[in-house]
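Hi there,

Here is the structure I promised to pass on to you.

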Amino acid sequence: NEFPQGTIWYTKVERFIPDESFYEFYAARQAKEIVSFDTILCPNLMIDYDSLIFWEKAVKFNSINNNEDILAVFWDLEYVKSSGLKEDEQILAIIPNPKAPQAQKDELQNFEFCGYDVVEMNQCPHSNLTNCGFSKKGIVDVSQTNKFGIYSDLALANELSNFINTNMPDFGHAPTLVYEIWRLINLE
């Protein structure tokens with residue numbers, strides 16, 4: 001999928017603080033918190049299939065099977081903020097398929113840059129970086145990940161995404177897309 005340059009989506013997800021069992025699976029002890037678009041580790045809190053407003057505001061895209069799918073991400077930050085924010089929740093800004101590192105700094109003044117995640121392209125995204133066991137298989141060098149469990153370097157994220165898409169097209173979490181992730185630090 002190609003998205004217009006400068007596309008920014010917003011969503012609210014649960015925070016994920018790793019415990020010992022996660023470190024046994026992932027092996028990156030420098031990750032003190034996982035900030036990801038992965039819906040297993042960081043469940044999306046904006047899903048409300050019974051709400052007409054949800055269906056009107058949620059981003060629609062053509063999935064890998066050419067069906068129109070919907071993600072619980074939104075163009076409208078104020079809509080996401082209007083649902084409130086608890087201590088164990090976070091609002092993310094997600095930039096799909098970024099072309100340049102941290103290109104949207106000016107538009108994200110109240111956000112902190114977290115990094116780049118490599119996520120499968122479907123309605124229930126899973127991170128190939130944090131949640132597919134690649135660190136244990138030697139496909140992901142976790143020493144290259146940051147304190148959020150994802151890459152700080154766009155080139156590394158693109159390299160992993162290209163590797164999976166080229167060499168593992170039948171893998172259950174392919175094809176993949178790189179997402180630049182920012183976290184809201186000031187609700188004002």
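Arg 15 counts as partly exposed, at 33% relative accessibility. On that scale, buried means under 20% relative accessible area, exposed means over 50%, and partly exposed lies in between (1.4 Å probe, protein chains only). Before I go on, please keep in mind that this is a predicted model, in which local features need pLDDT of at least 70, side-chain atom pairs count only at pLDDT 80 or more, and totals for chains, interfaces and linings use all residues. Residues are numbered from 1 along each chain as its sequence is written, and side-chain values use heavy atoms, with hydrogens and water left out.

The partner of Arg 15 is Glu 33: their side chains meet in a salt bridge at 2.8 Å, N to O. The term stands for a side-chain nitrogen of Lys or Arg within 4 Å of a carboxyl oxygen of Asp or Glu. Arg 15 sits in the loop between β1 and α1 (20–26) and Glu 33 in the loop between α1 and α2 (52–57), so this pair ties together parts that are 18 residues apart in sequence. Glu 33 is buried, with a relative accessible area of 8%.

Glu 33 also forms a salt bridge with Arg 183, where the closest N and O atoms are 3.0 Å apart. That pair links distant parts of the chain, 150 residues apart, since Arg 183 belongs to strand β6 (residues 176–184). Arg 183 is buried too, with a relative accessible area of 8%.

What else does Arg 183 meet in a salt bridge? Its side chain meets that of Glu 112, at 3.1 Å, N to O. Glu 112 lies in strand β5 and Arg 183 in strand β6, so the pair ties together parts that are 71 residues apart in sequence. Glu 112 is partly exposed, with a relative accessible area of 24%. Through shared partners, salt bridges join Arg 15, Glu 33, Glu 112 and Arg 183 into one network. The structure has five salt bridges by this rule.

Glu 33 has another residue to look at. Lys 147, in the loop between α4 (134–137) and α5 (154–167), is 114 residues from Glu 33 in sequence and 6.7 Å from it in space, C-alpha to C-alpha. Leaving aside neighbours within four places in sequence, Lys 147 is in contact (heavy atoms within 4.5 Å) with Gln 30, Ala 31, Lys 32 and Glu 33.

**Aromatic pairs and the core**

The structure holds six aromatic pairs. Rings of Phe, Tyr and Trp (its six-membered ring) pair if their centres lie within 6.5 Å; planes under 30 degrees apart count as stacked, over 60 as edge-to-face and the rest as tilted. For Trp 9 and Trp 75 the ring centres are 6.4 Å apart and the planes are at 75°, so the pair is edge-to-face. Trp 9 lies in strand β1 (residues 9–14) and Trp 75 in the loop between β3 (68–74) and α3 (77–81), so the pair ties together parts that are 66 residues apart in sequence. Trp 9 is buried at 0% relative accessibility, whereas Trp 75 is exposed at 51%. Ring pairs link Trp 9, Phe 37, Trp 75 and Tyr 179 into a cluster.

The largest nonpolar core has 50 residues, and those with the most contacts inside it are Tyr 10, Leu 108, Phe 111, Tyr 179 and Ile 181. Such a core is a set of buried Ala, Val, Leu, Ile, Met, Phe, Trp, Tyr and Cys residues joined through side-chain atoms within 4.5 Å. Beyond its neighbours within four places in sequence, Leu 108 is in contact with Ile 8, Tyr 10, Ala 93, Ile 95 and Trp 182.

**Strands and the whole chain**

The protein comes to five helices and six strands, with helices (H or I, at least four residues) and strands (E, at least two) taken as DSSP runs, numbered from the N terminus. Five of the six residues of β1 are buried. β1 pairs with β4 in the antiparallel sense over six bridges; two strands pair if DSSP finds at least two bridges between them. In this pairing, Lys 12 stands opposite Ile 91 in β4.

Over the protein as a whole, buried residues make up 52% of the 188 residues.

Best wishes
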